[in-house]
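Dear colleague,

Here is the structure I said I would pass on. My notes on it follow below.

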Amino acid sequence: MALRQIRILGDTILEKACRPVKEITPRTKELIQDMLDTMYDACGVGLAAPQVGILKRIVVIDIGEGPIVMVNPEILETSGEQTGQEGCLSLPGQAGIVTRPNYVKVRAYNENMEEYELEATELLARAVCHECDHLDGIMYIRHVEGDLFDVEAEDEMPEEE
Ligand code: ZN
């Protein structure tokens, strides 16, 4: 298990757009595994490559239903709305209220560069939107309604209202 350092808000790498992955190399697989290890170690539900300093379009998500690896994810469809608490491993100890689509359909590649589509609702839809935003250099605070507030460390993951 290899943990990578999570970049914190203020690090300009979090504001940059990421490049698409052209091929999965052994180093890419190592990065994906490290991202999963780092996410679990930090008790997060999602992590995007720029959060560990790599400007590639890769995200990992686990909302408690098993790991999801998304390489070059593209949101194809969204619908509905959900408003709830959202946090980010790059802004530890804080959260805010964000409105996101309640449904997303996303196309991505897995760690073997096999294309797949995923339909997600509620928390998973929120996580997909949050992580895909990271790939375009967007932190969730851009979407926050009202002020950020402090949360206990174990409450960092997004929660439904
Ligand atoms: Zn985040």
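Is Glu77 buried, partly exposed or exposed? With a relative accessibility of 40%, Glu77 counts as partly exposed, because that class covers the range between under 20% (buried) and over 50% (exposed). Please keep in mind throughout that this is a predicted model.

Salt bridges

Glu77 is a partner of Lys105 in a salt bridge, where the closest N and O atoms are 3.9 Å apart. Lys105 belongs to strand β6 and Glu77 to strand β3 (residues 68-79), so this pair ties together parts that are 28 residues apart in sequence. Lys105 itself is partly exposed, at a relative accessible area of 22%.

Lys105 also forms a salt bridge with Glu117, and here the closest N and O atoms are 3.8 Å apart. This pair links strand β6, which holds Lys105, to strand β7, which holds Glu117, over 12 residues. Glu117 counts as partly exposed, with 44% relative accessibility.

Another salt bridge joins the side chains of Asp133 and Arg100, at 3.0 Å from N to O. Asp133 lies in helix α2 and Arg100 in strand β5, so the pair ties together parts that are 33 residues apart in sequence. Asp133 and Arg100 are both buried. They are also members of a network of salt bridges that links Glu86, Arg100, Arg126 and Asp133. Over the whole structure, the search finds 9 salt bridges.

Zinc site

Which residues coordinate the zinc ion? The donors are Cys88 through SG, His130 through NE2 and His134 through NE2, at 2.0 to 2.3 Å. Along the chain, the donors of the zinc ion have the spacing C-x41-H-x3-H. Cys88 sits in the loop between β4 (82-87) and β5 (94-100), and His134 sits in helix α2 (residues 122-135), so the pair ties together parts that are 46 residues apart in sequence. Both Cys88 and His134 are buried.

Surface patches

A patch of positive charge on the surface is made up of Arg19, Lys22, Arg27 and Lys56. Of these, Arg27 is placed in helix α1 (residues 26-41). Arg27 counts as exposed, because its relative accessibility is 70%.

There is also a nonpolar patch on the surface, formed by Ile8, Leu9, Ile141 and Leu148. Together these residues have about 280 Å² of accessible area. Leu9 is in the segment before α1. Its relative accessible area is 37%, so Leu9 is partly exposed.

Backbone

Two residues deserve a look for their phi angles. Most residues other than glycine have a negative phi. Cys43 is not a glycine, yet has a positive phi of about 60 degrees. Cys43 is in the loop between α1 and β1 (46-48), and is partly exposed with a relative accessible area of 46%.

Met113, likewise not a glycine, has a positive phi of about 60 degrees. Where is Met113 found? Met113 is in the loop between β6 (103-109) and β7 (115-121). With a relative accessibility of 26%, Met113 counts as partly exposed.

Regards

How values were computed
Residues are numbered from 1 along each chain as its sequence is written. This is a predicted model: local features need pLDDT of at least 70, side-chain atom pairs count only at pLDDT 80 or more; totals for chains, interfaces and linings use all residues. Side-chain values use heavy atoms; hydrogens and water are left out. Patches are made of residues with over 30% relative accessible area and no salt bridge: like charges are joined within 9 Å, nonpolar side chains (Val, Leu, Ile, Met, Phe, Trp, Tyr) within 5 Å. Accessible areas come from the Shrake-Rupley method with a 1.4 Å probe; for residues, only the protein chains shown count as cover. A salt bridge is a side-chain nitrogen of Lys or Arg within 4 Å of a carboxyl oxygen of Asp or Glu. Lys and Arg count as positive and Asp and Glu as negative; His and the chain ends are not counted. The place of a charge is taken as NZ of Lys, CZ of Arg, CG of Asp or CD of Glu. Helices (H or I, at least four residues) and strands (E, at least two) are DSSP runs, numbered from the N terminus. Buried means under 20% relative accessible area, exposed over 50%, partly exposed in between (1.4 Å probe, protein chains only). Donors are N, O and S atoms within 2.8 Å of the metal (3.2 Å for Na, K and Ca); water is not among the atoms, so sites may look incomplete.
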